[in-house]
Amino acid sequence: MKTTTRQLVFSAAAIALAQVASMIKIIEMPMGGSVTLLSMLFIVLIGYWFGPAAGLITGAAYGLLQFMVEPVFYTIPQMLTDYPLAFGALGLSGFFCKQKHGLIIGYLAGVLGRYFFSFLSGVIFFASYTPENMAAPIYSLVYNGSYLGAEAAITLILIALPPVSKALAQVKRMVSEESA
């Protein structure tokens, strides 16, 4: 993978925009996680525009920034799962960058990747917070799915709107033309 200055600039801007958007919390969950103003979209776009390697690296870097800003640290495996792995998974969007409806499919893949790592963290590291009458895997599925699913639904509705879709397609064309 050859990294260009343009790619680094777009990635840095996406991380900055995602960080600012992550501070605009529509719903904040009691034990971590929140519905933010489209924060995952900015990282997903890097994968969609530049491919999976750029998306995964940008997502992992964003995850480390999230850790520095709002750290929840119990063990190194927990920190890696909750931050660089979970946010890095948003870069899975890059595997769909050349497909029809690639942004929507890629966004779903990225969010599902993040959901997987958040679920895993919930089961492995935070199972002690599970209510007595519920199994830890079910609780982790529901808890993490509630905030990630809500933000995903909001974002998918927005990016499906024709003006937004056209604008994002235009930016992708510009990035593709100038990268070639």
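**Entry 1: K172**

I looked up K172 and found it buried, at 13% relative accessibility. The model is predicted, and I keep that in mind throughout. K172 sits in helix α7, which covers residues 162–179. Which residues does K172 touch, not counting those up to four places away in sequence? I found Y48, W49 and C97. The cut-off for buried is under 20% relative accessible area, so K172, at 13%, falls inside it.

**Entry 2: helix α1**

Next I turned to α1, which runs over residues 5–22. I counted 18 residues in α1. From its first C-alpha to its last, α1 reaches 25 Å. That is close to the 26 Å expected at 1.5 Å a residue.

Which residues of α1 are buried? My list reads Q7, S11, A14, I15, A18, Q19, A21 and S22. I then looked down the axis of α1: the buried residues fall within an arc of 165°, so they line one face of the helix. On the other side of α1, I noted T5, V9 and V20 as exposed.

What covers the buried residues of α1? I noted that the cover includes two strands, β1 (25–28) and β2 (34–36). It also includes two helices, α2 (39–50) and α3 (52–69).

**Entry 3: I43 in α2**

I picked I43, which lies in helix α2. Is I43 buried or exposed? I43 is buried, at 0% relative accessibility.

I listed what I43 touches, leaving out residues up to four places away in sequence. A14, I15 and A18 are among them, and I had already marked these three as buried in α1. The list also holds G55, T58, G59 and Y62. F87 and L90 complete the list.

I also checked I43 against A13. They are 30 residues apart along the chain. Their C-alpha atoms are separated by 9.7 Å.

**Entry 4: T58 in α3**

T58 lies in helix α3. I found it buried, at 4% relative accessibility. Setting aside its neighbours within four places in sequence, T58 is in contact with S11, I15, I43 and I46. Of these, S11 and I15 are on my list of buried residues in α1.

**Entry 5: salt bridges**

How many salt bridges does a search of the whole structure find? It finds 2. Side chains of opposite charge can pair when their charged atoms come close.

I looked at E28 and K25. Their side chains meet in a salt bridge at 3.7 Å, N to O. E28 is exposed, at 55% relative accessibility. K25 is partly exposed, at 28%.

Then I looked at E70 and K25. Here the side chains meet at 3.1 Å, N to O. This pair links distant parts of the chain, 45 residues apart. E70 is in the loop between α3 and α4 (76–88), while K25 is in strand β1. I noted E70 as partly exposed, at 39% relative accessibility.

Which residues are linked in a network of salt bridges? I wrote down K25, E28 and E70.

**Entry 6: a nonpolar patch**

I searched the surface for nonpolar side chains. V20, I24, I26, I27, L37 and I154 form a nonpolar patch there. Together they have about 510 Å² of accessible area. V20 was already in my notes, as an exposed residue of α1.

I27 lies in strand β1. It is partly exposed, with a relative accessible area of 43%.

**Entry 7: two positive phi values**

Which residue has a positive phi of about 65° although it is not a glycine? I found L38. L38 lies in the loop between β2 and α2. It is buried, with a relative accessible area of 15%.

H101 also went into my notes. Its phi is near 60°, a positive value in a residue other than glycine. H101 lies in the loop between α4 and α5 (102–124). Is H101 buried or exposed? H101 is exposed, with a relative accessible area of 54%.

Terms used
Residues numbered from 1 in each chain as written. Predicted model: local features only at pLDDT ≥ 70, side-chain atom pairs only at ≥ 80, totals over all residues. Heavy atoms only, no water. Helix = DSSP H or I, 4+ residues; strand = E, 2+ residues; numbered from the N terminus. Expected span 1.5 Å × (residues − 1). Buried < 20%, exposed > 50% of the residue type's maximum accessible area, 1.4 Å probe, protein only. Arc of directions from axis to C-beta. Contact = heavy atoms within 4.5 Å. Patch = residues over 30% accessible without salt bridge, like charges linked within 9 Å, V, L, I, M, F, W, Y side chains within 5 Å. Areas by Shrake-Rupley, 256 points an atom, 1.4 Å probe, with all protein chains shown as cover. Salt bridge = Lys/Arg side-chain N within 4 Å of Asp/Glu carboxyl O.
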